[in-house]
Amino acid sequence: MRNAYDADAPTCFVELHSVESRGGRIVVTDTGDGMTEDDITSGWLLLGKSSKAESPFTRNGRRKVGEKGLGRLAALRLGRYVTLTTRPRESPGVQHVLQIDWRSFDAVAAVEDVQLAITTMPTTAEPGTSIEIDDLTTAFRPNDVERLARALVLLTGPFPGPADFRVDLNAPEFQKLASIVHQSFFDDAEYRIVANLNENGRASASLYDWRGEKIASGGHTEVSSAGSERGDSPLAYFTPAAQFELWTFNLSANAFTIRGSKHKVSEVRNWLRSVGGVHLYHRNLRVHPYGDEGHDWLDMNLRRVRSPELRPGTNTSVGRVSVIDEEQRLTPKTDRTGFLETPEFVELARFGRNVLDWAAKELLRRREADKGKKQQRAGDKIESAISKLQDTVNRLPPQQRREVLDATNFLRSAFDEKVRAVEDDLLLYRTLSTVGTTTAVFAHETRQPVDLIDQASGVIARRASRLLKDDYSAQLSEPVETVRRAAESLRTYADIPLRLLQRRKRRVKVVDINEVAADIVELFGPHLDGANITVELQLAEAGAPVKATVTAVEAILANLLANATYIFTQPHDGGTSERLIILKTDLSPDSVFVTVMDNGPGIDTSKLSIEDIWLPGATTREDGTGLGLTIVRDATNDLKGEVFVKSVGEIGGAEFNIQFPRATSSP
């Protein structure tokens, strides 16, 4: 495809024939300038040599996208036979054909020993090139075709603007994906960021709202200092000139209604699932793998976890970084899967991250200003309403005035009490939010040192075993294995908060508590094993459906499991050496019942009463937060359920019983 682009082709086609099994055929055809006989022998057949270095621009002024001439080799080797047919524009009526049988190279000592012959013949066909790869040595699986389709659809991108190069693939997957990708939903974006990096390495950025109105702008100092890494702010970015555009979407039905959108939220969400993320375009063509699933090269999702306020993620935004790179400062990898991590490329990514940080700060400033105005307006409305009410009461007869004043004072007292309760809850959940975001950052940063501990302990084990031989088992085997188990336990601690914070789990739907319970127990598995705790699942066969979010159910079960696990690890009198937690679900026609119980020492009601265990900050643990059971209570109440506790339950320890309304239909 890239070679077709460099040949000034307006269109390029890929045909797949019987590729689901070995022996299939691929045909790539373009309508470009074709090649002369000299182009074939002096360029196309010489790997590592490309005319692009001597002639960087095409006949129509396109900036050529490759410099090494290596890209075609991998494709040509997919099959046993290759047939090149090309018709040069500069020699109308002439067609050159070259055939390659790769098996002939296996029988010689040097590739020069194989003589390749070019056949020239007359033709009436238009200029262009066709490459047929026959007798494929490997079958294409459905997901291979899907990946190919996505790569080709996104090669020129879904973005607005002129497109003088079109690609096509004769596969149903391509047609389906193309119909999704090439739809235009950019007008439904909540915000749009446009940032530029000039040839001197100086940045600027602008932020637009959904109406297209500019709501913020910043120069180099503002952009480069936003969230600057290691506290430094570059005087200039040492990287090629670039442009960064990002469209961010608010995927709520209410937001689409307010804007009067013509599209459904589900349509935009499906589109973002195919194109979401920030893609890198080098000389107008997309570079794989930037923007692919799992390749968040600007760390958008990590930044969203660290600071979720008004930040885009790869599933709520789509964008592109466009680079021409006239001076060839970026170095492509030889297999064309991205660029080498040179200082220039690192600086380009840094520019993108700084732009995201700048936009997040500007949006946060705007929101805080709006919030202050709303609070002021609300306060003014309350004062105005009280004043109006007082004037009305003053006009009443004395006897009625006293009765109304008493009722008004009672109402105001109840209102003030409600406000205080809301403020207390707000303070509590601000604390929980801080704990959650801090934990997420810690969890993400923990993964690397844990991996290093695991790797280092493995190296120690191998080297010590080799040096000490039989003495290794007696002297070092047990402590090294202890280190490795501890590392695995730490990895569990890192995975838990990151798994619990996944955004897709915060959508309301019919949730099967049985599935969530199994996932939570598996997630806690290494930690439970390390503490010698057995979790027994006794789950209702018909499932346990409730209308909820996965996050809410996880919060309830995770906190109850964490409490039970903690109590087992503390010294106490009596009990049994077997550590057991039972997680049980039952059904009635109208309700789902969840029971979590253990055979630990139970709840010490001499230190904390049963009524007080739900209070925020109330705990018997010296290092505890006292928030876990508060979350359990509030999450249960939010789901219209009830929770009850026994200090000594059926199997000897604490027992929590929760009742939810049973969901009767799927979402």
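Local features are taken from the predicted model at a pLDDT of at least 70, with side-chain atom pairs counted only at pLDDT 80 or more, whereas totals for chains, interfaces and linings use all residues. Residues are numbered from 1 along each chain as its sequence is written, and side-chain values use heavy atoms, with hydrogens and water left out.

Helices (H or I, at least four residues) and strands (E, at least two) are DSSP runs numbered from the N terminus, and two strands are taken to pair if DSSP finds at least two bridges between them. An open sheet of mixed pairing is formed by 7 strands in the order E10-E9-E8-E11-E14-E12-E13. Because E10 and strand E13 (285–286) stand at the edges with a single partner strand each, one side of each is left without a neighbour in the sheet.

With strand E8 (residues 191–197), E9 pairs in the antiparallel sense over 7 bridges; Val-194 stands opposite Ser-206, and Leu-197 opposite Ala-203. The hairpin of E8 and E9 has 5 residues between the strands, and Gly-201 in the turn has a positive phi of about 80°.

Strand E10 (residues 214–218) pairs with E9 in the antiparallel sense over 4 bridges, Ala-216 in E10 being the bridge partner of Leu-207. In this second hairpin, 4 residues lie between the strands, and Gly-212 takes a positive phi near 90°.
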